[in-house]
Amino acid sequence: SNAGIMTDTNLIFSGSVIRGALARRFVEVQKLKDEAHDKLFREIFYGGLKFLPATPEILNQRSFVFPNSLQKGKSGTPNEHEIKDLLIVETPPRGYKTFKGLGVLAGEKFYRAQVETNIFMHMSRSSETERLAGKSIDGGIYNYESIDAEQNFVGEILGDENILGKLINSLDTDGGKLTVYVGRSRFTQYGKCLVTFGQIEKIPEQKFTDKIFLRLDTPLIPADDSFLSAKKILQREVVDKLGENYSLGKVFASSVEVDNFVVSWGMKRPRVMALAAGSVFELKNSAENFPAEKLFAGFGMRTAEGFGQLRIWQPSKNFTLEKLEAEEISKPEFSEETVKLAKKILTAHLLEQVRLYAHEDAEDLRRQYNIKNLTHFFTRLNKILANLDKNNLRENFKTQLEIEIRDGSKFQTYLNNIYMAKEQKFYDVFTGRDELPHEIHDLIKDLDLEKVRQEINFKEEEFSDDEFFSEYMTNYLRFARKIAADEGRRARG
C-alpha cells in the first residue's frame, strides 16, 4: 500500500459495531427523525441492553480471549501441548511461553479459533479528478485486508427479557434474520453480514470452586482518563464496587487502545486506554454469597457497548491444547482453461526460482581471488550457450566446449580452476562429471509444490531439463559476468 497509515484488521465484531448496526436498522424501520428523543430507542440502546462482541464460532460455542495467565510448552518439546495456569502455579515453568489467541475450552482442552482473512488491491481514487475519471491518475494502489466470507461469529445481547423482545420486534426481521452492513467500505463490496437471532435464554447459573478467579471477557474502560496500574484499576472499578468483603490477589493483565468510528458523528471517538480482554485476577475471600449477577452488568465505562464484562475462570493443572479434526475436502473439479492457466503460472514460478538459484550460486564466485579477470571468460561461455540448439542442451553444451578447448589455453585453465557454489569445477560440471549446485529435482522439493502438481496433473516433462538448464546457465553466466566486472572495478580503486 502507498498509504501512510495502516489499519489492523479486527478479528471480532465489537459490541460498538453490533450496537451501531442494530441502532441504524431500528431508525430505518421505525422511520425516526430524532432518535435521541424516542423513548424506546433510548431504553434499548442507552443502558437497557448490553451488546457484547461477536467472536468466531468454534465447536458451536462463542470463543473468548485466552487468559493472560496461561503459558504453553514450546513447540518441539515434550510439553508442547501442555498449558500451565500461573494463577495456580507458584513459579513460571521453564520451556513455556505466553499462550495467546481466541478459542474455546471444552472440559480441560483448549481449541484455537482461526479467522480467515483476504487481501484485495484497489486503485486509488482519492482526489476529485480521480473519482470523476474512475481511476488513479498516478497509478497508485492500496490494499484492503478483510475478514473472509462464509464464517460464523457469535455474540450476545444481555438485558431484561421484555426489552430484548422489544428490540427484536422493532427490527422487522425475516424469521429472526436480517442483513446489515458493517465496517469500512460497507457501501461498496465489503461488510455484508447476515444476522440471525437465537431464542432468548436465561443467563446460566454461575458456579465457583473454593476460590474466586475472574476473567475479563471484554476490555474494561476505567472511568478516570488517567491509566493507572492494572491493580489500581481493578481495585477501584471492580473490587470496591463488590463490597468490603473482597480483596485483590494475583493479577495477570495487559492494556489495549480502544477507538471506533461513529457514523452518526461522522468522526472517530477519542481513543482511550483499557484493560484488555483476557486480563485475569484472583479475589481473596469466600466464594459463598458472591454477587455473580454483577459480572454481567459490566464494570467501568460504556457498558452498553459490551465493555467491562467479567466471567468466572476456573484454573486447572491439566489444561492441554488440542487441534480440531480436519474436515475431509473433496477434490475440486477444474476446467481445462483453469488447468492450462495454473500450469502457466506454475511454470513461471519455477523459472523465477531457477533465476534465484542462479543468482545465489553466482554470488559464491566473489570469494575466488581472481574473479576480477574473468569478464571475457563468462562472456564467451554465454555466447557458446546462446548459439546452441535448445533440444538436448546439456549434451550440446558439453560437445561444443570440448571443441572449443585447446590444451594449455587460458580457457582450459579457467575451466579447471574456477569452482561453482558447492566446490564443483566448471570443467566437471559442463562435461557431465558433476551436477550443478542446484538441479531440477531441487525445485519441487524446495518450493513444496508436490501437492499443486498433483492437483493440476503437472507432469515432469512439462518443465523439461532443457528449460531448466537454459534458464539457469543463462542467468548464472550473466550474473557471473556482472560480478567479475564489479570486482574488477573495485580492484582498480
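Trainee: Which residue stands opposite lysine 109 in strand 24?

Mentor: Start with the general idea. Strands of a sheet pair through backbone hydrogen bonds, either parallel or antiparallel. Now the case here, in a predicted model. Lysine 109 faces threonine 320 of strand 24. Strand 9 and strand 24 (residues 320-322) are parallel partners, with three bridges.

Trainee: In what sense do strand 8 and strand 9 pair?

Mentor: Antiparallel, over four bridges. Strand 8 covers residues 102-106 and strand 9 covers residues 109-112. Alanine 106 is opposite lysine 109 of strand 9. The two strands make a hairpin, with two residues between them. Look at glycine 107 in that turn: its phi is positive, about 70 degrees.

Trainee: Next, the open sheet. What is the order of its four strands?

Mentor: The order is 17-22-16-23, and the pairing is antiparallel. From one strand to the next, the twist averages 30 degrees.

Trainee: Why is one side of strand 17 and of strand 23 left without a neighbour in the sheet?

Mentor: Strand 17 (247-252) and strand 23 (310-312) are at the edges and have a single partner strand each, so one side of each lacks a neighbour in the sheet. For strand 23, look at strand 16 (residues 212-216): three bridges join these antiparallel strands. Within that pair, leucine 216 has leucine 310 as its bridge partner.

Trainee: Which strands does helix 5 lie across?

Mentor: Helix 5 (residues 230-242) lies across strand 17, strand 22 (280-284) and strand 23. Its direction is at about 140 degrees to strand 17.

Trainee: Now helix against helix. At what angle do helix 6 and helix 13 pack?

Mentor: About 35 degrees, with the axes 8 Å apart. Helix 6 spans residues 336-363, and helix 13 spans residues 465-491. The crossing is right-handed. On helix 6, the contact residues include Leu351, Val354, Tyr357 and Ala358. On helix 13, they include Phe468, Tyr472, Tyr476 and Phe479. By class, the contact has 11 nonpolar, three polar and five charged residues.

Trainee: How should I read such a list along a helix?

Mentor: Think in turns. An α-helix has 3.6 residues a turn, so residues three or four places apart point the same way.

Trainee: Which residues of helix 4 are buried?

Mentor: Ile163, Leu164, Gly165 and Leu167 are buried in helix 4 (residues 161-169). Their cover includes helix 2 (39-48), strand 1 (49-51) and strand 13 (157-159).

Trainee: What does aspartate 160 reach at the start of helix 4?

Mentor: The backbone nitrogen of asparagine 162. A side-chain oxygen of aspartate 160 comes within 2.8 Å of that nitrogen.

Notes. Residues are numbered from 1 along each chain as its sequence is written. This is a predicted model: local features need pLDDT of at least 70, side-chain atom pairs count only at pLDDT 80 or more; totals for chains, interfaces and linings use all residues. Side-chain values use heavy atoms; hydrogens and water are left out. Axes are lines fitted to C-alpha atoms, for helices over the stretch in contact, and angles run from 0 to 180 degrees between N-to-C directions. A crossing is left-handed if the near helix is turned anticlockwise from the far one by less than a right angle, and right-handed if clockwise. Contact means heavy atoms within 4.5 Å. Ala, Val, Leu, Ile, Met, Phe, Trp, Tyr, Cys and Pro count as nonpolar, Asp, Glu, Lys and Arg as charged, and the others, Gly among them, as polar. Two strands pair if DSSP finds at least two bridges between them. Buried means under 20% relative accessible area, exposed over 50%, partly exposed in between (1.4 Å probe, protein chains only). A polar contact is a pair of N or O atoms within 3.5 Å; within protein, one must be able to donate a hydrogen and the other to accept it, and residues adjacent in sequence count only if both atoms are side-chain atoms.
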